[in-house]
Amino acid sequence: MSTATSTRSKTADQTSDQPTEHAADSHDLIRVHGARENNLQDVSVEIPKRRLTVFTGVSGSGKSSLVFDTVAAESQRLINETYSAFLQGFMPSLDRPDVDLLDGLTTAIVVDQERLGANPRSTVGTVTDANAILRVLFSRFGEPYVGPSTAFSFNIPARKASGVMTSATGEKTVVRNAVYHGGMCPRCEGRGSVSDLDLAEIIDESKSLLEGAIKVPGYTADGWMVKGFAESGLFDGNTPIRDFTDQERADLLYKEQTKIKIAGINMTYEGLIPKIQKSMLSKDLDSLQPHIRAFVERAAVFTTCPECGGTRLSESARSAKIRGVNIADLCAMQITDLAAWIRELDDPAMAPVVKALGDNLAAFVELGLGYLSLERPSGTLSGGEAQRIKMLRHLGSSLTDVTYVFDEPTIGLHPHDIQRMNDLLVRLRDKGNTVLVVEHKPETIAIADHVVDLGPGAGTAGGTICFEGTVDGLRSSDTVTGRHLDDRAALKDEVRKPTGALEIRGATANNLQSVDVDVPLGALVVVTGVAGSGKSSLIHGSVAGREGVVSIDQGAIRGSRRSNPATYTGLLEPVRKAFAKANGVKPALFSANSEGACPTCNGNGMIYTELSFMETVSTPCEDCGGKRFQAAVLEYTLGGRDISEVLAMPVSEAVEFFGSGEARIPAAHAIVERLADVGLGYLTLGQPLTTLSGGERQRLKLATHLGDKGGVYILDEPTSGLHLADVQQLLGLLDRLVDSGRSVIVIEHHQAVMAHADWIIDLGPGAGHDGGRVVFEGTPADLVAQRSTLTGEHLAQYVGA
């Protein structure tokens, strides 16, 4: 063979060994150009695919607007467009984000902090697949046999029917006593609790119906609801309730639905008790309006159902057992114990069901939720727990090249648990997925492949990219996040001396094991411990209900686009009255939700045109120019400003405006000062709540409750959604509260708050039945010196001891 031939052959071999570039491999970036959602200011950024990217920045800087409202929203909108117009008609209509170009998107799966539904029949077991698999297990292998899987569901009642049944094809069949299996307890209807009513809170015996004897919200003496009772003909509406006969009292309170005539109109009459049971008492407390919730808490005493013992299941469902245990017993077990019980089932016939359930429960444990039980109501889960529950279905997924979007996945986690969450995020990335995380915790920022820092400030002062690159690059950058990334709070040289103590004796709520502890007064007390150790059970269960105690929980602020800081905090009320007094007109004119609203847009400021399955088109109202008020209302001024100009003010300007001169309103000034104290000076008074970030909502809620009268404040994880720089401002606020003579109890995992405390109560040592005990109480310095608990170890590392 010639030399030339040999050379050609060698070159061909070398070429074949080298990987050829494919055009598809060039699509390795998600490109965003000209994003303007909310406060984003023409943001352009390139996000690497199949990498872990963390988005940082102060609260309100635009992180969620970029990640959730732009990238994830457009991905979901494009997926919806792949369905037929018929199916899109049943789906929520998603607007196209305000962005010039989005390229390289993949399917987005959003795992956010939204609380799980507060339906009274919703539990941890029903929102995951665990209960469904357990029902299949008992329907096949439970002894005695009681029916199919529906026979073990507390959401389905058992029914018996007779009559003519018509099929879809029109075929008729006569059925006699046909049984439809269900596992719902008939007494409590699957809720696990029944309510006893305090009649003294429902009716005033000394008054007649027309004098306002019914004390239930909405039942005013001159209203239609009371008129239905008073003119029913069953009793005299002018007679005091105490003078009713036994029959009249029974008719008023308990009569079943009956047809009657009122003013010649056929109506259905129903007693007061069954009426309010359906409209108020059967609903979950968290889903009720505040004034109705307050009434229900006064009037109703919820006790465990005597028939099912709180298990929600009928006697038939509880009679079927596997190895001497029924399905209710398993649902009451801590998940770690349930997983161990399932592993002991070695019957080959059960193998498929046992494996599916075992994998499901193993995911709970892996996510640090092994301390929960399947019967736990979903409405009682914290935002962090709810987010991890949503992660369950994604852990074992075989999908790759998916974009996972997380909103502060470490929220509610002890430093000990954060490492486990970080490992899960890395595993999702290593399977070939793009992982986008909005996060403030330095431990999670540290594992990022790529960091995008937004800012430099919040609101209108933010919305720009301050840094893109590696974690080391962020650390050396001169951004707010870069400067604070390595912040470490120092232990106090001196701690405050308590002025007294709140005694807690024999606390047994949830997993607490007869806890005795004294909570110091006149100091900053931090209650800590791993997730599920019993912190909230101890404080909310034993302290929150006492007189003079103001409790600020993690519950999310809910509001429509009509709600804003002025309406939520109660600021608008004194402002409307001041405008009315200064101009000699009605206060209702100065509300965009009342008489002053622009009639064209109904006070929205925007005209929304819904186009069926296509995106809703929104345009500024031409009549009011987006100001939401009638032109005549804007002619009235206070301190030289009309009502729309006042609502457009940032809080920092409003502090000065309401503090002096013609517009001096002490009540309004006190509210805006509290908003400024919690770091919301940049927010405008009329900014819709729907545009606020999680951290901003948390601080808005805190500012509102700071006006409540009380000597003891309970704050449940106030650092949620706060940037490292914002935590320092929060600590200053807590100090001012204590220095003003109040006692502050904080349930918290953040080490900076622990280090700043005067006293620490640490619960543990583990979660669920492995916790529920006080493992340390003392000063932060003692906790660091002893390092006797997990918290002590992590706090010592944090402060560099």
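Mentor: Rings of Phe, Tyr and Trp count as a pair if their centres lie within 6.5 Å. This is a predicted model, and a search of the whole structure finds seven aromatic pairs.

Trainee: What makes F138 and F152 an aromatic pair, and why is the pair called tilted?

Mentor: Their centres are 5.9 Å apart, and the limit is 6.5 Å, so they pair. The angle between the planes is 50°; stacked needs under 30 degrees and edge-to-face over 60, so tilted is the term that remains.

Trainee: Which parts of the chain does that pair tie together?

Mentor: F138 belongs to helix α5, residues 130-141, and F152 to the loop between α5 and β6, so the pair ties together parts 14 residues apart in sequence.

Trainee: How do you know whether F138 and F152 are buried or exposed?

Mentor: Buried means under 20% relative accessible area. F138 has 1% and F152 has 3%, so F138 counts as buried and so does F152.

Trainee: Why is the pair of F590 and Y636 called edge-to-face?

Mentor: The planes are 70° apart, and over 60 degrees counts as edge-to-face. The centres are 6.0 Å apart, which is within 6.5 Å. The pair links distant parts of the chain, 46 residues apart: F590 is in the loop between α21 and β22, and Y636 in the loop between β23 and α22.

Trainee: What makes F590 buried and Y636 partly exposed?

Mentor: F590 has 0% relative accessibility, and the limit for buried is under 20%. Y636 has 26%, which falls between 20% and 50%, so partly exposed is the term.

Trainee: How do you know that the charged end of R312 sits over the ring of F154?

Mentor: The distance to the ring centre is 5.2 Å, against a limit of 6 Å for CZ of Arg. The charge must also be within 35 degrees of the ring normal, and R312 is listed as sitting over the ring of F154.

Trainee: Why is K441 said to have no salt bridge?

Mentor: The nearest side chain of opposite charge is E439, 5.5 Å away, and a salt bridge needs a distance within 4 Å. K441 lies in the loop between β15 and α16. Leaving out residues up to four places away in sequence, K441 touches T410, L413, I418 and H750.

Trainee: What makes a group of residues a nonpolar core, and how many residues has the largest?

Mentor: The members are buried residues of nonpolar kinds such as Leu, Ile and Phe, joined through side-chain atoms within 4.5 Å. The largest core has 70 residues, and L374 is one of those with the most contacts inside it. Helix α13 gives the most to this core, with six residues. Contacts of L374 beyond four places in sequence include L134, I335, L338 and F364.

Trainee: What makes the phi of R323 worth a remark, and is R323 buried or exposed?

Mentor: Phi of R323 is about 55°, a positive value, although R323 is not a glycine. R323 lies in the loop between β12 and β13. Its relative accessible area is 52%; exposed means over 50%, so R323 is exposed.

Trainee: Why is D401 called partly exposed?

Mentor: D401 has a relative accessible area of 41%, which lies between 20% and 50%. Phi of D401 is also positive, near 55°.

Technical notes:
Residues are numbered from 1 along each chain as its sequence is written. This is a predicted model: local features need pLDDT of at least 70, side-chain atom pairs count only at pLDDT 80 or more; totals for chains, interfaces and linings use all residues. Side-chain values use heavy atoms; hydrogens and water are left out. Helices (H or I, at least four residues) and strands (E, at least two) are DSSP runs, numbered from the N terminus. Buried means under 20% relative accessible area, exposed over 50%, partly exposed in between (1.4 Å probe, protein chains only). Lys and Arg count as positive and Asp and Glu as negative; His and the chain ends are not counted. Contact means heavy atoms within 4.5 Å.
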